[in-house]
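Work through the following exercises with the sequence and the model side by side, and try each task before reading its solution.

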Amino acid sequence: MMPRQETTLEWIAGHAGVKRLCRIAGIAAFILIGYSVVTMILLVTIGTQPLTVEECFAMLQENKLVGLLRLDILTVIFIPLYYVLFAGLYFGLKESNRGITTLSVIMVFIGVTLFLATPSVFSWLYLSNRYAGAVTPEEQRRLIAAGEVLFASDMWHGTGAIVGSILTQLGGIFISWVMLKSAVFSKLTAYTGLVTHGVDFLHIFAGFIFPAASTLLMAVAGPLYLLWFFLVGRKLLQIGKGKARLLR
């Protein structure tokens with residue numbers, strides 16, 4: 001197994017396009033660290049998603065920037081970096097276990113796409129603008145009803161978003177398992193990925209039955225993501241610069 005992985009690193013070193021992709025993927029991981037830190041700060045300082053349609057409309061009308069941030073516009077902007085990150089991981093791990101690596105990348109790509117395809121902050125912005133311009137109580141009631149539908153189908157509650165999140169976390173678990181068997185990524189990186197994505201996976205299901213437990217699990221997974229992104233990003237940058245070495 002090790003000679004094949006050594007050959008993979010040599011092959012990457014000889015292909016400028018793949019090296020560039022690995023470097024970009026490493027940079028994407030560090031950008032995701034920044035996104036995660038900013039998100040944690042925003043949760044503490046300005047709060048989470050509003051609980052009612054009326055609150056959401058009022059929030060957007062009072063301060064559009066704060067409203068967009070509370071409705072996770074940063075997630076919509078930065079989550080697509082997962083495409084780049086996992087594309088880079090594919091080239092670093094494909095010789096360790098091509099089948100599982102390919103499956104994990106496909107799952108993440110489908111998961112992120114499903115997540116982004118669900119109604120999001122821009123749908124809320126459209127309804128809020130319509131609500132602000134409504135001239136009759138009947139029109140306002142219709143827009144509030146539309147907002148209730150949006151609540152049930154948005155990127156945090158809709159079936160597509162939930163299935164997408166499950167696929168993304170499973171993809172993260174599988175690729176971390178491949179890392180565990182690989183000589184390219186460290187055991188620390190592999191175990192951090194398994195715990196991080198495993199806890200986030202449990203957080204999704206806990207939200208249906210034990211919301212308090214779900215919040216706790218997310219609080220545990222959040223800081224772990226910072227470590228995993230750092231470890232993965234550093235290694236991908238090393239691979240992209242031709243400086244990576246096998247660890248065993």
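**Exercise 1. Determine how much of the protein is buried, and describe its overall build.**

Of the 248 residues of the protein, 48% count as buried, where buried means under 20% relative accessible area, exposed over 50% and partly exposed in between, with a 1.4 Å probe and protein chains only. The model is a predicted one, in which local features need pLDDT of at least 70 and side-chain atom pairs count only at pLDDT 80 or more, whereas totals for chains, interfaces and linings use all residues. Residues are numbered from 1 along each chain as its sequence is written, and side-chain values use heavy atoms, with hydrogens and water left out.

Next, take the secondary structure, which comes to 12 helices and 0 strands; these are DSSP runs numbered from the N terminus, with helices being H or I of at least four residues and strands E of at least two. The C-alpha trace spans about 70 × 35 × 30 Å along its principal axes. Finally, among contacts with a separation of 6 or more, 77% are between residues 24 or more positions apart, contact meaning heavy atoms within 4.5 Å.

**Exercise 2. Decide whether serine 96 is buried or exposed, and find a polar partner for its side chain.**

Serine 96 sits in the loop between α6 (81-93) and α7. Serine 96 counts as buried because its relative accessibility is 13%. The side chain of serine 96 is joined to that of serine 182 by a polar contact of 3.3 Å, that is, a pair of N or O atoms within 3.5 Å of which, within protein, one must be able to donate a hydrogen and the other to accept it, residues adjacent in sequence counting only if both atoms are side-chain atoms.
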